[in-house]
Structure formats: C-alpha cells, structure tokens
Amino acid sequence: MHKREDGYHNLETIFYPVPLCDVLEIKKMDEEFPSDTDCDLKVTGSAVECDESKNLVVKAYNLIAKDYQLPRVHIHLYKRIPMQAGLGGGSSDAAYMIRLLDERFRLNMGIKEMERYAAKLGADCAFFITSEIAYATGIGNILSPADSENGNLNGYYLVLVKPDVAVSTAEAYASITPKTPAKCCRDIVKQPIDTWRDELINDFEAPIFANHPELSAIKQKLYDKGALYAQMSGSGSTIFGIFGVKPTDIEQHFPNMFSYVCRL
C-alpha cells in the first residue's frame, strides 16, 4: 500500500463475493406524488446513520440521471449488511442501484460503462457490478481475475462476526503505515489455505487491533473454534473465519454481536 499525491492510497487486495446482501426495490413514482426529490428513499432493517440525500443509492440515481432520462422513483432499501463493517455494504448498494436502473429502464449501458459510473461513487463500487472474485489495485478500482471461477474456497464455510465497534475509513487510513508486501496477495490466495495464516496479512489489522483489542480477541476465538484462516475484513470491524467444516454455536460464542455463516 502506498499513499498517492491525491491523498488516496494505492493498494493490493482481494475482493471475494459472499451471499450476505441487502434488498433493493425500485418503483416509478406517480406523477402527482408530492416529493421534493426525484428519488424518494425509504430504508428499513439495520440502522443507517446517513442523511437520505447522501446515501450512495440516491447518489447513484442522480449520477445516472445526468446522462439518461429517468423517471422519478420510489426506492426501498432493506439493510442486512451492518454499517462500518468493512463488508462493502454501501458500495454494493450503489452498484446494484446502477444495475437495477439499467435493467428496469432498459438503458443498455453494458458492464464497462456501469463499472465506470460505479467507480465515481467509491473505490470498491465497480467490483459489485459483476461481483466476481477479483484482484484489485489502484485505489481498489482496477480489477483483474484473482483465481478460478470458484477459487480455493469452494466448499469451505465462512463465518462473519461484527461486534458493536465502528471503525471509520478515515480512522483506518490515518493509522496505517504504507509498505510493500513481501508477496502479492493474488499469489498467496492460489496457495493451499493452510499457508495463508503466515503470509496473507491485512495491513489495517495492527493499528486497529491496538485501538480495539476486542477485535483481536474475536480473531483468536475463531482460530480456537477451528478456523483454517481468520482476518479482519477490509478496514474493519468485521472479522471473518474460514472453516473446513461447518462450525456450530457461533451465536453462543459471540453473544450480542452480528454473526453470519454460509458455505462458499
């Protein structure tokens, strides 16, 4: 990871899609419906601490509306992905809003054009246009294949644990020390998973764990439960564990925390 002259950081990372998702619905707004905006957003489910006009879903609509003729719309966003979790929840919402607008109103944009629009909304937004395993460079917007279609993780189980700890992106980047990795993460993920623990490192972990030791404790507990590999996701604060067999009693081991288990 290196800091750029524009204030952003060049990075190397792996994006991996998981089944956890929000729900996004869109309907045309009646011409007589009293609304001060062309994009009326309702958010339910997990709490979102964000002004409606600043939500990435609304920003995605406004961005596309500059170049395409769109009707006024009602949007319902049901949030399941927790906020400030390092899981790309807001970014995925923005990308899927672009995809939904393209499909619903037959804009015929194509993958590359949708990725170009998505990249304007956030560094990792473009990944979610196709949601395929990717090796990302630049600020997270330059994508290339990272592995085979199913990757090394096909058939493994993934556990996500998100405590009531919020780590802002600004906090994460302010505390990191940029450095060149000893080995590219794209090469490491092609190796047997039992080699990852010693070689696949998230540079955000050390400074964030120092400020939030409870995150380190969650990671260790996942290893104690039998995880083959565990790490903080992105800039946190979700910790994930990869298991060879489906783990049990996850909710009991991580009470009062968001937890999610799926097969990859």
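## How helix 1 meets helix 2

Let's start with a pair of helices. In this predicted model, helix 1 (residues 56–65) and helix 2 (residues 89–104) have axes that come within 8 Å and cross at roughly 35 degrees. The crossing of the two helices is right-handed.

Which residues meet at the contact of helix 1 with helix 2? Helix 1 brings L56, V57, A60, Y61 and I64, and these meet G90, S91, D93, A94, M97, I98 and L101 of helix 2. Sorted by class, this contact holds nine nonpolar, two polar and one charged residues.

## Helix 1 and its surroundings

Which residues of helix 1 are buried? They are V57, V58, A60, Y61, L63 and I64. The partners that these buried residues pack against include helix 2 and helix 3 (111–119), along with strand 4 (23–28), strand 5 (39–45) and strand 6 (73–79).

At the N-terminal end, helix 1 is capped by N55. A side-chain oxygen of N55 lies 2.8 Å from the backbone nitrogen of V57.

## Domains listed in the record

An unreviewed UniProt entry lists "domain: GHMP kinase N-terminal" at residues 55–130. In the model, the end C-alpha atoms of residues 55–130 lie 21 Å apart, and the span is 51% helix and 9% strand.

The UniProt entry, again unreviewed, also places "domain: GHMP kinase C-terminal" at residues 203–243. For residues 203–243, the end C-alpha atoms lie 22 Å apart, with 46% of the span in helix and 22% in strand.

Conventions. Residues numbered from 1 in each chain as written. Predicted model: local features only at pLDDT ≥ 70, side-chain atom pairs only at ≥ 80, totals over all residues. Heavy atoms only, no water. Axes fitted to C-alpha atoms, helices over the stretch in contact; angles between N-to-C directions. Helix = DSSP H or I, 4+ residues; strand = E, 2+ residues; numbered from the N terminus. Left-handed = near helix turned anticlockwise from the far one by under 90°. Contact = heavy atoms within 4.5 Å. Nonpolar A, V, L, I, M, F, W, Y, C, P; charged D, E, K, R; others polar. Buried < 20%, exposed > 50% of the residue type's maximum accessible area, 1.4 Å probe, protein only. Polar contact = N/O pair within 3.5 Å; in protein donor to acceptor, adjacent residues only side chain to side chain. UniProt positions renumbered as here; feature names shortened; annotations may be inferred.
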